[in-house]
Amino acid sequence: MGTTSEDPLDAALRPPENETATERAVRLAREAHAREVSAAIDANIRAERQAKKKKKIVRLLLLGQSESGKSTTLRQFQRLYTPTAFREERVLWRAVIQLNVVRSVRVILDALSQPCSPGVSPARTHSNRPRPRPRQGSLHTHSTSNTSHHGGMHADEWSHFRPDASGSFERADSGAESDSDGEIRTTTRRSSRFEHYQQRLIPLRHTEQLLIAKLVPPNEDEATHLGRRSPVKQKEVFVRPGPLWKGALARARVHFPAQEALEVEPRRASAGDTGLESADEVQETLHACAEDMIDLWHDKNVQRVLKRKKIRLEELPGFFLNDLERVTALRYSPSDDDVLKARLKTVGVAEYKFEMEVQSGRESATEWRIVDVGGSRSQRQTWMPFFDDVDAILFLAPISGFDQVLAEDNQVNRLEDSVLLWKGLCSNKLLQNVELVLFLNKCDILEKKLESGVRMSRYIRSYDKPNDFPTVSKYLMSKFNAIHREYSPKPRKFYAFCTSVTDTTTTAGIIASVRDMVVRENLKKSKLL
Ligand SMILES: Nc1nc2c(ncn2[C@@H]2O[C@H](COP(=O)(O)OP(=O)(O)OP(=O)(O)O)[C@@H](O)[C@H]2O)c(=O)[nH]1
Ligand SMILES: [Mg+2]
């Protein structure tokens, strides 16, 4: 019986009938090679699938009140583990730094335009305001009568903040004007000098508007204007995290140096001279106003007014006034440190993926997903949904804020707010198996503050020890530890560090420790499952 329906593929693959021995040998060799290539591709696909299956994903959530240093810590991770991307994006921070400069100057000008009348300090003017009451953090917090096992002290006991410990700059002032009647002429001269600065620096107002327009998408309805009354209670410019604002900036930029120039000469770039050929309008204005800004900042009378009003600009976020000459240069491009010091408030939540560029050991198989959130009160409801699926939480408590109140609620002491948040996290049942890492942050500011004579005991009732940094930081560490131990639903290790996350050297080591710890704990848990 003959075949009537032959398979066309068979026919196509069948060797030619009149094939010679040499042709046959060549054909067989070609087929063998093709089989090898195909096997290699299959093996590759299998290996990739295996790797994907094996790949560890570590989720780290950054939490803490506004200005605690979450986004700065994230930037440290980026600097360490995705250095190329960090370096490429550095130039986009220029607009943020420009705005930080303009706003610092604005704080000074506002302070000068509201002179204290002789003999009446701003503190006195406000001293009849309602006294700050302890408030609950927005996370659930326990009040319990259990005694702590830490030196017999209850974890609550230490956080008895003094009722008058508002710490707001305008209210913390206790010094009176020292001008006597005989100094009227000097005061008049001083006023005209202040007016001179106000006049000379008028162009900065327009600059500020330009920068806000550049940084904040037009459909954002959260206010971005400066508050009128208090020099330090300005509304902050914010961004929703993620690549969007950077994209907008990149599109808006006037001229940026060829990327190659940045890559070939990274050291030049970090020194602030990248070979920018032309600056944008904002930078030109800043450059033109540089001398006046420098004079203003170094003016002894201005310093005196700031001191009297207890405005410590050096401690405020986004402080660049000691770098004015460099940051107002026409060809200025931000350094690593500048990016870490820049202040841009976060609104919303974003997850950042880190395929660690360091391809060694375990890290090559670990993908990190770090979630950065907004820390102000209105933002805290966004935290909770992440509690379900997180391996570790890095909580930042800016301990230098013991004499400050929250920007969003001037009745709440910042340290007290951090304590309440910490209690809420420690006691949260959803998080009982999650590692909590504590950064007692802004230690550099704390140290300077204590050295300048601000007394901890004025703000924390139970504090009766020496007012030096080692004692204070040790005390606070032990108190946060006591809360952790007392409030955790089941025992877990206490990982805590005293940090200044703007400091690259010390933070690199701390982040490496955190990374190792989180990976190790993650590995342990996955083995147990
Ligand atoms: N001197 C000093 N400044 C710090 C430190 N940590 C953060 N900062 C600065 O404080 C400001 C606020 O830090 P951010 O990282 O933006 O704070 P955040 O927690 O993300 O704040 P939100 O986005 O409002 O929730 C920035 O200007 C930082 O450079 C620190 O340890 N020391
Ligand atoms: Mg932030």
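1. Helix 3 (70–81) is largely enclosed by the rest of this predicted model, because 9 of its 12 residues are buried. A residue counts as buried if 20 or more other C-beta atoms lie within 10 Å of its own, as exposed if 12 or fewer do, and as partly exposed in between, with C-beta atoms placed from the backbone. The buried residues of helix 3 are K70, S71, T72, T73, L74, R75, Q76, F77 and R79. From first C-alpha to last, helix 3 reaches 17 Å, close to the 16 Å expected at 1.5 Å a residue; the expected span is 1.5 Å times one less than the number of residues. Helices (H or I, at least four residues) and strands (E, at least two) are DSSP runs numbered from the N terminus.

2. On conventions: residues are numbered from 1 along each chain as its sequence is written, while chains are lettered from A and ligands numbered from 1 in the order in which they are written. The model is predicted, and local features need pLDDT of at least 70, side-chain atom pairs count only at pLDDT 80 or more, and totals for chains, interfaces and linings use all residues.

3. Ligand 1 is surrounded by 25 residues, the closest being G69, P317, R343, T346 and G375; a residue is near a molecule or strand if its C-beta atom, placed from the backbone, lies within 6 Å of it. Helix 3 gives the largest share of this shell, 3 residues. Helix 3, helix 16, strand 3 and helix 18 (443–451) each supply at least two residues.

4. The shell around ligand 1 divides into 4 nonpolar, 14 polar and 7 charged residues. Here Ala, Val, Leu, Ile, Met, Phe, Trp, Tyr, Cys and Pro count as nonpolar, Asp, Glu, Lys and Arg as charged, and the others, Gly among them, as polar. Ligand 1 lies between domain 1 (53–82 + 137–165 + 356–529) and domain 2 (92–131 + 170–345), because both give residues to its shell. Domain bounds come from an automatic or database domain assignment.

5. The unreviewed UniProt entry annotates L340, K341, A342, R343, L344, K345, T346, N441, K442, C443 and D444 as "binding site". These positions are spread over 105 residues of sequence and also in space, up to 22.7 Å between C-alpha atoms. UniProt positions are given in the numbering used here, feature names are shortened, and annotations may be inferred rather than shown by experiment.

6. T346 is in strand 3 (residues 345–346) and is buried, with 21 other C-beta atoms within 10 Å. L344 sits in the loop between helix 16 (336–341) and strand 3; L344 counts as buried with 20 C-beta neighbours inside 10 Å. N441 belongs to strand 7 (residues 435–441) and is buried, with 30 other C-beta atoms within 10 Å.

7. Helix 9 (residues 203–215) has 13 residues and reaches 19 Å between its end C-alpha atoms, close to the 18 Å expected. Its buried residues are L204, T207, E208, L211 and L215. They lie on the same side of helix 9, because they cover an arc of only 105° around the axis, the arc being that of the directions from the helix axis to the C-beta atoms. H206 and A213, on the other side of helix 9, are exposed.

8. Helix 5 (residues 94–113) is mostly covered, with 17 of its 20 residues buried.
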